[in-house]
Amino acid sequence: DIGRVCEIGSVHVPLLMNIETYATVHQMITTVRGKLLRESSALSAVEAAFPPGSMTGAPKIRTMEIIDLLENHSPRGAYSGSLGYFSFGGQVDLNVVIRTGV
């Protein structure tokens, strides 16, 4: 998905299905990186990546069109979106909202 906003050949996966352990949960993490195109921004990378394919299935764009029709064009709210921040220094830290009370 981020290949649409990154330089050709720059997208790679340095960390695949790594398990991080915390006091009350184990979390599977995958890191995907790429060099953004000159005309792209951090926001365009997030727009390209969400909703994540693990939530929608593939092919993602057609699947989202079908979901939109089945749900009568109703907004999904935060579900399968993201919470996080964009810093003034260019850092971005986001998560995927799955089972979250908002």
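Analyst: Buried here means under 20% relative accessible area, exposed over 50%, and partly exposed in between (1.4 Å probe, protein chains only). This is a predicted model, where local features need pLDDT of at least 70, side-chain atom pairs count only at pLDDT 80 or more, and totals for chains, interfaces and linings use all residues. Residues are numbered from 1 along each chain as its sequence is written, and side-chain values use heavy atoms, with hydrogens and water left out.

User: OK, which residues of helix α3 are buried?

Analyst: In α3, which spans residues 60–70 (helices are DSSP runs of H or I with at least four residues, strands runs of E with at least two, both numbered from the N terminus), the buried residues are K60, T63 and I67. They lie on the same side of α3, because they cover an arc of only 60 degrees around the axis, taken from the directions from the helix axis to the C-beta atoms.

User: And what is exposed on the other side of α3?

Analyst: I61 and L69 are exposed there, and just after α3 comes N72, with a positive phi of about 55 degrees.

User: Switching topic, which residues make up the largest nonpolar core?

Analyst: That core consists of I2, V5, C6, A45 and A48, a nonpolar core being a set of buried Ala, Val, Leu, Ile, Met, Phe, Trp, Tyr and Cys residues joined through side-chain atoms within 4.5 Å.

User: What does C6 contact, leaving aside its neighbours within four places in sequence?

Analyst: With contact meaning heavy atoms within 4.5 Å, C6 touches V11, G34, K35, L36 and L37.
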